[in-house]
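The structure under discussion is shown below.

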Amino acid sequence: QSILYLGSEPLLADKENRKMLLRTLQAKIFGQSLLFAENYPRYIHELSERYYEKFKIKYKDVDINESLSIPPIEGKSQMEAVDVASIGVEDSRTFGGEHLCSQIMNKLDLKSCFDSLGFNQKEINLSYISIISRALFKASEYKTTQYLCDNSELQRMHGHEYEKISHYSLYKIADKLYDNKNLIDKFLYTRLTDLFNIKDSLVIYDLSNTYFEGRKASSKLAQYGKSKEKRTDCKQVVFTGVINAHGFIRYSRIYEGNTTDSPTLEEMITDLKSHSDTTTDKVIVMDAGIASEENLEYLSGQQLKYVCVSRKQITHYSVDQDSSVLTIKDKRDHPIELKVFTPQGYSDTWMYVKSEQKRIKERSIDDKISSRFQEELQSLSNGLDKKGTTKKVEKVWERIGRLKEKYRLVSGKYLIEVTASDGKATEVTWQRKQNEKTTPKKDGVYFIRTNIKQNNEKQLWNVYNTIREVEATFRCLKTDLQLRPVFHQKDERVESHIYLSILAYQLVNTIRHMTKAKGITHDWRNIVRIMNTQTIQSIILNGETKKFSIRKPSKPIMEALEIYQATRTKSMVPDKKKYVVYH
């Protein structure tokens with residue numbers, strides 16, 4: 001491995017000069033004294049000083065003691081005579097992820113929060129174990145106890161080396177965390193904004209849901225509703241998140257599964273006022289599902305600013321052609337046109353957004369749905385020739401009506417006719433309407449609305465795009481932390497399960513926020529994979545007079561070391577030694 005490029009220095013063409021330079025450099029890097037250094041030529045010392053400065057610049061963020069192999073220093077090392085043939089390794093467990101998360105939990109200072117809430121030390125330890133387990137293992141409480149017992153060092157790190165943790169203990173501590181939800185949320189969010197010096201002005205609000213396995217017959221929370229995951233066959237529960245521009249959750253709520261988006265906004269504003277010193281500087285960023293006319297009027301009445309996607313599509317809109325349209329590029333270098341304007345009949349400002357990629361996507365979806373609609377019509381028509389199928393004209397039209405409802409996004413674009421003989425249908429035919437109306441959505445156009453008085457295209461676009469943080473948050477909760485599906489049967493257990501996942505998400509987002517600041521863009525699953533390469537094990541050695549074991553973590557690989565450095569955490573812990581003296 002190339003450590004440092006020495007360039008084409010003419011003096012290094014001589015083999016002896018190279019040897020002297022490398023000995024001098026090695027002594028400087030390892031902090032060792034060099035014998036007979038005074039006999040080396042002056043130019044060797046000058047060269048070594050220059051290259052040593054270059055080395056320090058290149059490896060300023062690297063701990064040399066952890067990265068390079070250094071021989072033990074005599075007088076500071078503990079020497080033992082051991083039987084090499086008897087050396088063994090046992091009780092190997094995952095360590096890196098647990099060690100990283102535990103240190104970040106200490107940075108968040110949740111212990112002082114739990115202390116103030118009256119948690120005893122055992123409950124504090126269980127709280128840490130429960131939150132970190134949800135982040136790392138993403139399993140049920142029963143399965144988590146198996147990981148803790150057989151695979152992970154986590155419970156030993158937090159005072160449970162000899163006591164086995166049951167899933168009932170994890171249920172109980174999750175319930176206690178949920179009972180103190182409001183106080184924990186306030187403490188944690190304040191700590192996060194202080195820790196990262198976050199300016200808390202944008203409030204991103206959205207709603208999501210997660211589905212259940214099982215009938216949930218006696219549940220009040222589990223209800224059928226509009227599923228964002230297209231699981232209309234399952235009952236679901238709805239939860240909301242109020243999130244800042246960096247993806248940290250200010251607070252959340254849980255609703256029944258049939259709750260729609262719009263009615264939840266007023267409760268969110270009430271919660272926002274109770275969790276904030278002031279709301280005058282807050283900008284509420286919402287998606288179209290929440291941005292009803294009633295909600296926008298309510299926000300304006302509360303003297304709150306908003307930025308949202310318009311539910312309404314203006315067919316006849318006029319953008320001032322004399323003024324220039326701002327063209328920006330998205331992450332994939334596709335052009336997007338932006339222009340602020342004020343339509344007639346509205347008091348707020350609108351921004352016209354035209355995206356060629358959105359136009360292609362919308363037309364692709366339209367073509368796919370149209371194709372399925374025509375296939376089902378064809379299947380219906382083909383069935384009229386088969387024995388035993390319904391052929392009465394009234395029944396055929398009923399089936400067509402159900403298809404039109406199923407594919408209502410495209411069915412209005414078709415003229416459908418049924419050929420009949422003696423009251424029985426013989427053929428179903430259809431054709432697409434010639435004078436089909438075009439909509440702004442079909443042209444890749446949509447609109448963003450705001451009541452911010454002083455605004456411009458770039459500012460509005462940047463503010464609106466923070467909504468991506470909500471999408472990333474819910475994606476992490478549902479996929480990386482496996483919030484879905486929910487298997488719990490009791491409603492109170494469901495609430496505790498969701499809140500525990502939200503606490504784990506705050507831990508995960510803290511780590512990702514710190515790593516992204518250093519240019520490390522791994523998703524959480526990849527971070528866990530990297531950190532799990534660092535394990536801890538007990539090394540068994542037989543000496544001349546005693547048998548002893550050393551519990552010691554392995555050195556982290558370079559990718560894991562970079563994550564430790566990015567989060568300003570330690571990569572190793574002191575060795576633990578146990579002795580058994582022979583008699």
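Which residue forms a salt bridge with Lys 329?

## Basis

This is a predicted model, in which local features need pLDDT of at least 70, side-chain atom pairs count only at pLDDT 80 or more, and totals for chains, interfaces and linings use all residues. Residues are numbered from 1 along each chain as its sequence is written, and side-chain values use heavy atoms, without hydrogens and water.

## Salt bridges

Lys 329 pairs with Asp 333, the closest N and O atoms being 3.8 Å apart. A salt bridge here is a side-chain nitrogen of Lys or Arg within 4 Å of a carboxyl oxygen of Asp or Glu. Both Lys 329 and Asp 333 are exposed (over 50% relative accessible area; buried is under 20%, partly exposed in between; 1.4 Å probe, protein chains only).

The structure holds 28 salt bridges. In one of them, Asp 91 meets Arg 156 with closest N and O atoms 2.7 Å apart. Asp 91 belongs to strand S1 and Arg 156 to helix H8 (residues 154–157), 65 residues apart. Helices (H or I, at least four residues) and strands (E, at least two) are DSSP runs, numbered from the N terminus. Asp 91 is partly exposed at 29% relative accessibility, as is Arg 156 at 22%.

## A second link

Lys 552 and Asp 575 form a salt bridge at 3.1 Å, N to O. Lys 552 is in strand S14 (residues 546–553) and Asp 575 in the loop between helix H20 (558–566) and strand S15 (576–581), so the pair ties together parts 23 residues apart in sequence.
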